[in-house]
Amino acid sequence: EVQLVESGGDSVQSGGSLTLSCVASGFTDSNVCMGWFRQVPGKAREAVASVDERGESNSVERVEGRFTSSRDNAKNTLYLHMTILKPEDTAMYYCAANPMLICPRGGSWVPDDYNYWGRGTQVTVSS
């Protein structure tokens, strides 16, 4: 059974940092296209960052320069390193994966490209 389990969410002050982790299990191959998304109540899920099978990552413009994603295939773990956090970064953060996706360079920001999702980890940033 495929599982994605996020952790690392917390309540922090504006300007703080957090690193989220997503442990993947059940995949036959660790070289899986993966991404990070976030969602606040009443709004659509939005992309944050993605990582391709080789570890090349891309972050969306609104977090570029503050958030980076990386992976450790030996540990089957995806990370989201978040710095200079802002109140507008407050959201539930999800990791996603699709072992069958021909991963674009840097990964995909399209939620529909992913067929496995974790349950999320909450990040709250106070001003």
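**Ground rules.** I count residues from 1 along each chain as its sequence is written, and I use heavy atoms for side-chain values, leaving out hydrogens and water. Since the model is predicted, local features need pLDDT of at least 70 and side-chain atom pairs count only at pLDDT 80 or more, while totals for chains, interfaces and linings use all residues.

**The sheet.** I looked up an open sheet of 4 strands and found the order β1-β3-β8-β7, with antiparallel pairing. Strands here are DSSP runs of E, at least two residues long, numbered from the N terminus, and two of them pair if DSSP finds at least two bridges between them. At the edges stand β1 (3-7) and β7 (67-72); each has a single partner strand, so one side of each is left without a neighbour in the sheet. On average, neighbouring strands of this sheet are turned by 15 degrees against each other, direction ignored (axes are lines fitted to C-alpha atoms; angles in general run from 0 to 180 degrees between N-to-C directions). I then checked β3 (residues 18-25) against β8 (residues 77-82): they run antiparallel and 6 bridges join them. Leu18 has Met82 as its bridge partner in β8.

**The core.** Which residues have the most contacts inside the largest nonpolar core? I noted Leu80, Met82 and Tyr93, in a core of 33 residues. Such a core is a set of buried Ala, Val, Leu, Ile, Met, Phe, Trp, Tyr and Cys residues joined through side-chain atoms within 4.5 Å; buried means under 20% relative accessible area, exposed over 50%, and partly exposed in between, with a 1.4 Å probe and protein chains only. Strand β9 gives the most to this core, with 5 residues. Leaving aside neighbours within four places in sequence, Leu80 is in contact (heavy atoms within 4.5 Å) with residues including Leu18, Trp36, Val48, Phe67 and Tyr93.

**The rings.** I found 4 aromatic pairs, meaning Phe, Tyr or Trp rings (six-membered ring for Trp) with centres within 6.5 Å; planes under 30 degrees apart are stacked, over 60 edge-to-face, the rest tilted. Phe37 and Tyr114 are edge-to-face, 5.5 Å centre to centre with 75 degrees between the planes. Phe37 sits in strand β4 and Tyr114 in the loop between β9 and β10 (116-117), 77 residues apart. Phe37 is buried at 0% relative accessibility, and Tyr114 is buried at 5%. Tyr114 also pairs edge-to-face with Trp117, at 6.3 Å, and Trp117 is partly exposed at 28%.
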